[in-house]
Amino acid sequence: IKYLENKIVSEYLDFSMNRNTMIISKNVIFTNLKNILEADVIEMDLKSKNTKIFMHEKNEQVNIKNKN
């Protein structure tokens, strides 16, 4: 997925117009001009644009790196 300067790559995308959701999962990597984010899942409500970014395991953390 590319939008402006943002890019998300993963192994799986579930896009549902019925639920108004998009779920991106399995080796998710989000990049923009300043950051790199690694997570297991990104869930987005397509109406409200509310987004959840998380890992499956509670003992793991979302990894955010600054490119500079």
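I started with Ser25, which I found in strand 4 (strands are DSSP runs of E, at least two residues, numbered from the N terminus). This is a predicted model, where local features need pLDDT of at least 70 and side-chain atom pairs count only at pLDDT 80 or more, while totals for chains, interfaces and linings use all residues. Residues are numbered from 1 along each chain as its sequence is written, and side-chain values use heavy atoms, with hydrogens and water left out.

I looked up how covered Ser25 is: its relative accessible area is 11%, so it counts as buried (under 20%; exposed is over 50%, partly exposed in between, with a 1.4 Å probe and protein chains only). Leaving aside residues up to four places away in sequence, Ser25 touches Ser10, Glu11, Tyr12, Asp40 and Val41 (contact means heavy atoms within 4.5 Å).

Next, salt bridges (a side-chain nitrogen of Lys or Arg within 4 Å of a carboxyl oxygen of Asp or Glu). I got 1 for the structure: Asp14 with Arg19, at 3.0 Å from N to O. Asp14 is partly exposed at 22%, and Arg19 is partly exposed at 47%.

Last, the largest pocket, with about 250 Å³ of space. A pocket here is an open set of points on a 1 Å grid over the protein atoms alone, where a 1.4 Å probe fits, with protein on both sides within 12 Å along at least five of seven lines; lining residues have an atom within 4 Å of a point. The volume is the space filled by probe spheres set on the points, which are joined across faces, edges and corners. I noted 13 lining residues, with Ile1, Asn6, Ile8, Phe30 and Met44 nearest the centre.

Key:
Helix = DSSP H or I, 4+ residues; strand = E, 2+ residues; numbered from the N terminus.
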